Amino acid sequence: MITPPNFPPPGSASDPPVVEVGHSRLRLLIARTRLALHSFRAGWSIFMESRIGVLSLVIIGVFAIMAVAHPILMLTIWDAETYDPVTGYAFDQVDQPSAPSWRHPLGTDPLGRDVLSQLLWSTRSEFVLGITAALVTVAIATTVGAVSAYYGGLVDVFFMRLADLIIALPGISLLIVLSALFKLNLFYLALVIGILGGFGGTAIILKSQALSIKVKPYIEAARVAGGGHFHIIFVHIIPNLLPLSLLYMMFTVTSAIFAEAVLSFLGLLDLRMSWGIMIHTANTGGYLMGGTRYWWLVVPAGASITLLCSAFYLGGRALDEVVNPRLRRRHD
Amino acid sequence: MTGYLVRRAGQMVLTLFLIFTFAFFLVQAQPGDYASFYALDPDMPPEVKDQLRASFGLDKPLWEQYLIHLKNTVTGNFGVSFGHFPRPVMDVLIERVPRTAVLFLTATVLSFYIGFFLGKAIAWRRGGVLEYTATISGATLFTVFTPAFALMMIWIFSFRLGWLPVGKFLDPLVWRHAEVTANHVFGQMLLTAFLLTVFAFLALWILRKTGRVGLTRWAGPLIAVAAVVALLLLSLSGIGGLALDILKHMILPIATLTLISFAGTMLLTRNSMLETVREDYVMAARAKGLPEKLVRDRHAARNALLPVVTSLVYSLIFAIDGSVIIEGVFSWPGTGLTLLQAVRTEDLPLVMGAMVFIGLFSLLAHLIVDVLYVYLDPRIRYQ
Amino acid sequence: MTASAAVPVLRVVDLSLRYLTRGGEVKAVQDVNFELAQGEALGLVGESGCGKTSVANCLMRLLPDNAQLVAGQVFLDGQDILPLSEDQIREYRWQRIAMVFQAAMNALDPVYKVGQQVVEAIEAHGVEPTLSLARERVAGLFRMVGLDPALMDRYPHEFSGGMRQRAVIAMALACDPRVIIADEPTTALDVIVQDRILRELKGIQQRLHMAIIYISHDIAVVAEVTDRIGVMYAGRLVEYGPTAAVFRAPLHPYTAALMGSFPSIAGEKRVLANLSGEPPNLIDPPSGCPFHPRCLHATDVCRQEIPPRVERGDQWADCWHPLEAAPALEPADNGGT
């Protein structure tokens, strides 16, 4: 069997035999993947040229290692009784909080729990929170953006007014009320942040991008070839929105981690442990005004929040230079 | 322009209505019965409870309650605060909104000015030490964990250096023998600041109208003299010491809020500027033989300002959120702290009131930005 | 170099320029020589990417950061402007040499009134002592280019394309420059407006006795209004001479191809030469004659060795196989002096 050298447009009206479709679909997929890999490589090299981008990637990598390290440490050298981030107690120390020591590299908190263990344990939940929120945002925003750009009219007006409304609302204040009244846990918090982001500003940006894709000739070609609305939106428009979506995923991660930390610091969330809660515990115990004396209670957690937020934010900005060629420098 | 303003105001009213509806149903939807909160409050005499119950229709069906609430809200009646009983919610908010407004406005103006200035500088000279330091420190401050940063500021400036008070609005020791209330003093301060601003704008406007380039140079000194006179008058009026006390309490929260929010404007200005410097009119300005400073400020930066102002909405919302956090940490008795205390104590009428006011705040900020944009971009102004 | 009767206002000697880019060095301008006497009009033509605009920017010293001057001098009123400091060059810009920008739409700053943007140039050089005199001067300039002086207080977006182009011309005249560079002055306009503005510009140039350089990809546009013509290809000047002579009998096949690429209504229908393909990549220009990959007459020697200069009267070209004097193509009505 000879496969035709040029791929028929997907979903075209005159479908060749089934096997052929499978075959050419596969080849189409391979071609697309190859193309995507190629542009990814080109983008990657630009990204790696920006020092800030590399730095942010390194920081994120370090935190990822920290997240993975906790369960391993708990299984190997840390016993749960002493090192559990919530219920543990350092019986080996006389005073709590105790200063960093060989057994407790970052000391213990006022309740005798190991700070390093808390820090590592929280890292994982920050990632879970950030990535869940980002995925929810991107899933909603790309769909909303593509749909409003494609259909226009009332659908567009509705989603864009909604987005305007959400932008006009101060998110943290809203989250303060929501989490205080409903005692949100990590998953619901991620969901709320994701929904607010997805129907908010990100949708507007992705819509304007989708508008510029909508007028491209291949969309027209797909339409002429008999592609349905659903097909065009999900096969042609949304994949082209993904690079920009990735960019806004990075920013959503930043705002999710930040929001969680603020709410935890204010003691409004229903979480076991997090960087925000660590600072909250230290603050309510009055240890913060001791200044540098109890530094290990606030510096590791505070620095982690700042570093991870900055890393995602700066990574997003470096990515922006890849996605947005206008920002690039002409030479180096 | 008038038509535009009317249309925007209409939109605002509608949005405010949506925010109110959202707040109402949110409060209703929280676990726990709204009506029974009144019943549980031990401070409240039974007759007051009955009166409130009647005026807010708490025994009626939900939609009727909603309508009654809406009517009350429109007439400025948010009910009585549980936490501040017997003060009405409106009374609490009227006292606190200006305090937030001052904190927020000053910090926003300052951070916009600093951010725009730095942003245009780093875009003009790319790749220098300034760009790296400003980008990294700006982004760090922008993403810094605000409460921790605020606590650090308190620790440095209040505990270690002892220059500024720890937090709160005023120092009770200073006010022990004061014959006037804090609200009166604060009101006088606001009035002074307002008159001074009006004077500054008028002076600039009149000087520019004369059409002589040399005269505008006198605007700065003139405004400075006016400021000194105003401060003298304020201190001679007998409340100078008290005003100074409030002012001292304002410095640290404003500085903190400014530091965390300038970077947004800075990075936006930089990006926007990188685009405008490639425009033909910037090249034309240089070709005309204008000094580099004028090419940068009058042409590149002036056009780069437009997208920055469009995005100012985001910065303002960021600053509103920031001011809620800052008020929480510094115990600055503004709307944000009110909201925090209200949600902690489940003071539901106050929560609703504060939410509506914060919403109103952001809508007003939004409106101001839009009007500013129309003023700055002639292409929109003359449509 | 052709001898010029009058003293040259502008003399470009051995100008070479390159841009440093990610991909390598772009040799944008190479060994360009020409001169311009007062009141003379020179046309620089070539496809886009041939270095015309780079030459123009070099004359104004408006080069991007990644540009590097390899060699050459640009004498403006006898002074080499290339080694001057930024402050010194500012005195030359607009007072000695001004520019009518390509795409006038973008050359006017959208947030300022048009008149204000002209006044700004006058103020920067202190040409008029007061603001009101400066405004009067602008009003005069507006009248000269055929604009109502009342339009001074309008914004660029309120102007039509032709009005903007006129405003940009008025702006270029603001400080009585000795030389004006008109970079694709009329490309964005429709043919009728284009023609009218070109004629008016030519009229103004002759009345004020200025030197002018027209830059265009369209050889027909330049033919109508210039005395001399220089054809650029791949950063080099490949043919140069009096407009009438070049038009009557181009020496270089590229010139002939450029002429062939616009419809000729004069004379019988004939195929001059076909111009296919793209100008070469200047990071790695072709060996020998840069035009050889696209030239119909190319032979081995063209591919390997730099072509010699062929002269015919005042006209010259760098070519191994210069064209014979073909049956005359009607020169444009006012070509030649």
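This is a predicted model: local features need pLDDT of at least 70, side-chain atom pairs count only at pLDDT 80 or more; totals for chains, interfaces and linings use all residues.
Residues are numbered from 1 along each chain as its sequence is written, and chains are lettered from A and ligands numbered from 1 in the order in which they are written.

The answer is 8 of 10, and H14(B) is thus mostly covered, where buried says that 20 or more other C-beta atoms, placed from the backbone, lie within 10 Å of the residue's own, and where helices are DSSP runs of H or I with at least four residues, strands being runs of E with at least two, numbered from the N terminus. Among the buried residues of H14(B) are B:Leu337, B:Leu339, B:Leu340 and B:Val343. Their cover includes H6 of chain A, together with H5, H13 (292-330) and H15 (348-376) of chain B. Just after H14(B), B:Glu346 takes a positive phi of about 50 degrees.

Staying with chain B, we have 16 helices and 0 strands, and 40% of the 383 residues count as buried. In helix H9 of chain B, residues 182-209, the buried residues are B:Val185, B:Phe186 and B:Met189, and what covers them includes H5 (89-124) and H11 (219-276) of chain B.

Turning to the two chains together, 35 residues of chain A are in contact with 39 residues of chain B, contact being C-beta atoms, placed from the backbone, within 7 Å. On the chain A side, H5 (153-168), H6 (171-182), H10 (229-265) and H12 each supply at least two residues. That side divides into 26 nonpolar, 7 polar and 2 charged residues, with Ala, Val, Leu, Ile, Met, Phe, Trp, Tyr, Cys and Pro as nonpolar, Asp, Glu, Lys and Arg as charged, and the others, Gly among them, as polar.

Finally, within chain A, H2 (residues 51-75) packs against H12 (residues 295-323) at an angle of about 140 degrees, with axes 8 Å apart; the axes are lines fitted to C-alpha atoms over the stretch in contact, and angles run from 0 to 180 degrees between N-to-C directions. The residues that meet include A:Ile59 and A:Phe63 from H2(A) and A:Leu308 and A:Phe312 from H12(A), and the residues of this contact divide into 11 nonpolar, 3 polar and 1 charged.

Conventions
A residue is buried if 20 or more other C-beta atoms lie within 10 Å of its own, exposed if 12 or fewer, and partly exposed in between; C-beta atoms are placed from the backbone.
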